[in-house]
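Q: I have the model open. Can we walk through how to read its features, one at a time?

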Amino acid sequence: MAYAIGIDIGGTKVALALVDEYGKVREQSKIPTDTSIEPTAMIAKINQEVESLLKQAAVSLEDMDGIGIGSPGPLDSKNGMISCPPNLQNWRDVDIVAQVKNHFGLPVILENDANAAAMAEKWLGAAKENDNFAYVTISTGIGAGLFADGKLLGGARGNAGDIGHTVVDPAYGRCPCGQYGCLEFIASGTAIGKRGSEIAGKPLTTEQVFDLYHQRDEKIQTYIEDVFQKIGIALVSLINTFDPEKIVLGGGVSKVGEPLFSAVRAYVSQYALNPAGRNTEIVPAELDQNAGVVGAAGLVFNLK
Ligand SMILES: [Zn+2]
């Protein structure tokens, strides 16, 4: 049996899993992301955690095919560097691949977290049968991983698919990136919580905004339907640009389910330019729970 370790680095926690070649998670754990220490010290903690996972499972380095890492971007996957993720403030040009590789002497691959999750959906989830698809995560942020002709499309540095900063409606105001009306600024979980609170006139979590939506609060309903339409606009751009067979939607906001899916399907069926594109399948992700770590491990097996 061959094994890989998948590591999913987030702003608050690092998730790790020992995954076998069939995608089964054998051991997993989480450690808090400590941004008060140097990235090198945090990576040493990650290496330690990998060692204890291997020990718990009684798997030796000889049985390991490698280690896959999913990280927030921007990054430079070709050079194994995490460049400047907004939620990892002191992580600037960190050569994480070299630091993990030197410790274990195994192949190490780095991809942005949306690409890792797209790999999981291709390997074991909603896109097993698809060679051309986009995985879009709508969570605290918005990102996408793209598969074209059966291969993960990374771009020159591994940042392809960053659709969170596609402009969909400048009237919504200025995104921290500097542009007006980015999708992430309008439709991320964070954005929905913030604007929903403004509309309701009291502080609400994203979940509470969706509760009001389900209770048919008129103002919130109008607002959320507009958010769904903006997501539809972004998906039409994605379809027009990449001609995927399928779009897989994941992340916390996608959990609202049918109202979102029917709204974006209706928008796409009307506005995608190519008649075939109007019928692009839009389906929920299947692996949300472990997609990050399983996908990161999948990057390793996909090397062969
Ligand atoms: Zn932006």
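Q: Is L273 buried or exposed?
A: This is a predicted model. Exposed means over 50% relative accessible area. L273 has a relative accessible area of 66%, so it counts as exposed.

Q: Where does L273 lie?
A: L273 sits in a loop, between helix 8 (258-271) and strand 12 (281-284).

Q: What does L273 touch, leaving out residues up to four places away in sequence?
A: Two residues qualify: N240 and R278. For a distance along the fold, take S237. S237 is 36 residues from L273 along the chain, and their C-alpha atoms are separated by 9.3 Å.

Q: Now the metal. Which protein atoms are donors of the zinc ion?
A: The donors are ND1 of H165 and the SG atoms of C175, C177 and C182. They lie 2.0 to 2.3 Å from the zinc ion.

Q: What is the geometry of the zinc site?
A: Start with the ideal. Four tetrahedral donors have ideal angles of 109.5 degrees. Here the angles among the 4 donor atoms run from 106 to 116 degrees, and the site is tetrahedral.

Q: How are the donor residues of the zinc ion spaced in sequence?
A: The spacing reads H-x9-C-x1-C-x4-C. H165 and C177 both lie in the loop between strand 10 (151-152) and helix 4 (183-187), so this pair ties together parts that are 12 residues apart in sequence.

Q: How exposed are H165 and C177?
A: H165 is partly exposed, with a relative accessible area of 28%. C177 is partly exposed too, at 43%.

Q: On to sheets. What should I look for in the pairing?
A: Strands of a sheet pair through backbone hydrogen bonds, either parallel or antiparallel. In this model, 5 strands form an open sheet with mixed pairing, in the order 3-2-1-4-7.

Q: Which strands are at the edges of the sheet?
A: Strand 3 (25-32) and strand 7 (108-112) are the edge strands; each pairs on one side only. On average, neighbouring strands of this sheet are turned by 15 degrees against each other, direction ignored.

Q: In what sense do strand 1 and strand 2 pair, and over how many bridges?
A: Strand 1 (residues 3-9) pairs with strand 2 (residues 13-20) in the antiparallel sense, over 7 bridges.

Q: Which strands does helix 3 touch?
A: Helix 3 (residues 113-124) packs on the sheet, touching strand 1, strand 2, strand 4 (64-71) and strand 7. The direction of helix 3 makes about 105 degrees with that of strand 7.

Q: Which strands does helix 9 lie across?
A: Helix 9 (residues 291-301) lies across strands 1, 2, 3, 4 and 7. Helix 9 runs at about 135 degrees to strand 1.

Q: Last, the whole chain. How many helices and strands does it have?
A: The protein chain has 9 helices and 12 strands. Its radius of gyration is 19 Å, close to the 19 Å from the globule rule for 304 residues, so the chain is as compact as a globular protein of that length. The C-alpha trace spans about 60 × 45 × 35 Å along its principal axes.

Q: What share of the residues is buried?
A: Buried residues make up 52% of the 304. Contacts tell more about the fold. Of those between residues at least 6 apart in sequence, 60% join residues at least 24 apart.

Methods: Residues are numbered from 1 along each chain as its sequence is written. This is a predicted model: local features need pLDDT of at least 70, side-chain atom pairs count only at pLDDT 80 or more; totals for chains, interfaces and linings use all residues. Side-chain values use heavy atoms; hydrogens and water are left out. Donors are N, O and S atoms within 2.8 Å of the metal (3.2 Å for Na, K and Ca); water is not among the atoms, so sites may look incomplete. Four donors count as tetrahedral if all angles lie between 85 and 135 degrees; four count as square planar and six as octahedral if opposite donors are over 155 degrees apart and all others between 65 and 115; anything else is irregular. Helices (H or I, at least four residues) and strands (E, at least two) are DSSP runs, numbered from the N terminus. Buried means under 20% relative accessible area, exposed over 50%, partly exposed in between (1.4 Å probe, protein chains only). Two strands pair if DSSP finds at least two bridges between them. Axes are lines fitted to C-alpha atoms, for helices over the stretch in contact, and angles run from 0 to 180 degrees between N-to-C directions. Contact means heavy atoms within 4.5 Å. The radius of gyration is taken over C-alpha atoms; the globule rule is 2.2 Å times the number of residues to the power 0.38.
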